[in-house]
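Dear colleague,

I am handing over the structure below, together with notes on what was found in it. Please read the notes with the structure open beside you.

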Amino acid sequence: MTLLRRTLLASAAALALTPAAAFAQDSIKVGEINHYKRMAAFAEPYKKGIELALKEINEDGGVLGKPLEFIFRDDQGDPAEAIKIAEELMTRDGTVMFTGSILSHVGLALSSFAAEKKYLYLASEPLADTLVWKSGNPYTFRLRASTWIQAAMLAEQAATTDAVKYATIAPNYAYGTEAVEAFKANLKMLKPEVEFVAEQWPALFNIDAGAEVQALERAKPDAIFNVTFGTDLAKFVREGGDRGLFDGRDVYGLLTGEPEYLEPLGDEAPEGWFVTGFPWYGFEDGTPGKIFVDAYVEETGETPKIGSVVGYMTAQSIAAAIEKAGATDTESLRMAFEGLDVENTPIGTLHYREIDNQSSLGAWVGTTAVEDGKGVMVNWEYKDPAAYTPSDEDVTAMRPAE
């Protein structure tokens, strides 16, 4: 029995020293917290984008000679659950940092946790301006273009029309309220005579579309700014279309052009709305965007969503920061993210600003249409965020003293 025991122990030790076992045991772990069940339409493509980037990174030798690994956890869209998971990832699972969150109120909770614990957080998706401005902190970085940036792009187009009376509809939480505030501020700067005659604030994912459409119609606006998304958007589009709310009115839609939300509408997709989105089907051969689309389709058998490209660049950003840092401790990673350049992303080189930890990812804007029974964006262009960002002086004044 002693000889058998020794033989088994020796075999186990030999196995542990094989390259595959060593590779698995010595990975660099990153925590990923998101609403995988509650917001599967966005979160699943986002996860697949991360997995594609990880495959490419690890096939190229990983980072610092080690494989990069993401630990995916579902927070049910609950800020308290997200913080609990973040604590576990940091103290139990050995992650070097964490990322994720789609909903802004969850992202803000995670950002507060990061600041308190001095633990690095890359907010991949939450759009609320507060995240990097009024509530910004040295341990939170953000990938996606903010509500201010995207609303400013839409306001620029709105200012060129004859519309004066505007109504807004947005989910009643941080993302929605800040998006409306940003659109109003930017449009008034460009066209001071505009007035806002109605504001509707449906509960997130619990819209009474009929009542909302009636309220907007009663206000008789010239144009509408829409911030609803997901199932709320689908209900609003269908009810508004049936009741003629959009007839003869300009409509501006934040996120409405994203495939996650536009494609499920099929031939019911709105036509003629000016929106932000992700026209993956329109990229030219040889461009960074088309290279990403082709790789994603080949890997997954699916066409990409905006979540796909966000997930992909999330993993790319983290890998680039670790390589730049040459280490995985929090302070080295934090300093590496400041001013970080990420090469070969779907938009080219991505940069993280030192002044507010915000990336240089812009947004695609264009007009909705229905082609072959599907909602698409036409006459679109990619806009760099620089022209729509507040001045460095204003950003510095908004961020808390560090």
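**The largest pocket**

The largest pocket has a volume of about 290 Å³, where a pocket is, on a 1 Å grid over the protein atoms alone, an open set of points with protein on both sides within 12 Å along at least five of seven lines, and a volume is the space filled by probe spheres set on the points, which are joined across faces, edges and corners. Its lining has 14 residues, and those closest to the centre are Ile 57, Gln 316, Ala 319, Ala 320 and Glu 343, a lining residue being one with an atom within 4 Å of a point. Helix H3 (40-59), helix H12 (306-325) and strand S11 (341-345) are the elements that give two or more residues to this lining, and H12 gives the most, with five residues. Helices (H or I, at least four residues) and strands (E, at least two) are DSSP runs, numbered from the N terminus. By class, the lining of the largest pocket divides into seven nonpolar, two polar and five charged residues, with Ala, Val, Leu, Ile, Met, Phe, Trp, Tyr, Cys and Pro counted as nonpolar, Asp, Glu, Lys and Arg as charged, and the others, Gly among them, as polar.

Before going on, please keep in mind that this is a predicted model, in which local features need pLDDT of at least 70 and side-chain atom pairs count only at pLDDT 80 or more, while totals for chains, interfaces and linings use all residues. Residues are numbered from 1 along each chain as its sequence is written, and side-chain values use heavy atoms, with hydrogens and water left out.

**The cavities**

The structure also holds two cavities of 30 Å³ or more, a cavity being a set of grid points where a 1.4 Å probe fits but cannot get out. About 80 Å³ of space lies in the largest cavity, and of the 13 residues that line this cavity, Ile 102, Glu 125, Tyr 173, Phe 229 and Leu 255 are the closest to its centre. The lining of the largest cavity has 10 nonpolar, one polar and two charged residues.

The second largest cavity has a volume of about 60 Å³, and its lining includes Arg 144, Glu 258, Ala 363 and Trp 364. Strand S10 (274-277) and strand S13 (363-371) each supply at least two residues of that lining.

**The strands**

S13 pairs with strand S14 (residues 374-383) in the antiparallel sense over eight bridges, where two strands pair if DSSP finds at least two bridges between them. Ala 363 stands opposite Lys 383 in S14, and in the hairpin of S13 and S14, which has two residues between the strands, Asp 372 takes a positive phi near 55°.

An open sheet of five strands has the order S2-S1-S3-S4-S5, with parallel pairing; its edge strands are strand S2 (68-74) and strand S5 (140-142), each of which pairs on one side only. Strand S1 (residues 28-34) and S2 pair in the parallel sense over seven bridges, with Lys 29 opposite Glu 69 in S2. H3, which also contributes to the lining of the largest pocket, lies across S1, S2 and strand S3 (98-100) and runs at about 165° to S2; contact means heavy atoms within 4.5 Å, and angles run from 0 to 180 degrees between N-to-C directions of axes, which are lines fitted to C-alpha atoms, for helices over the stretch in contact.

With best wishes
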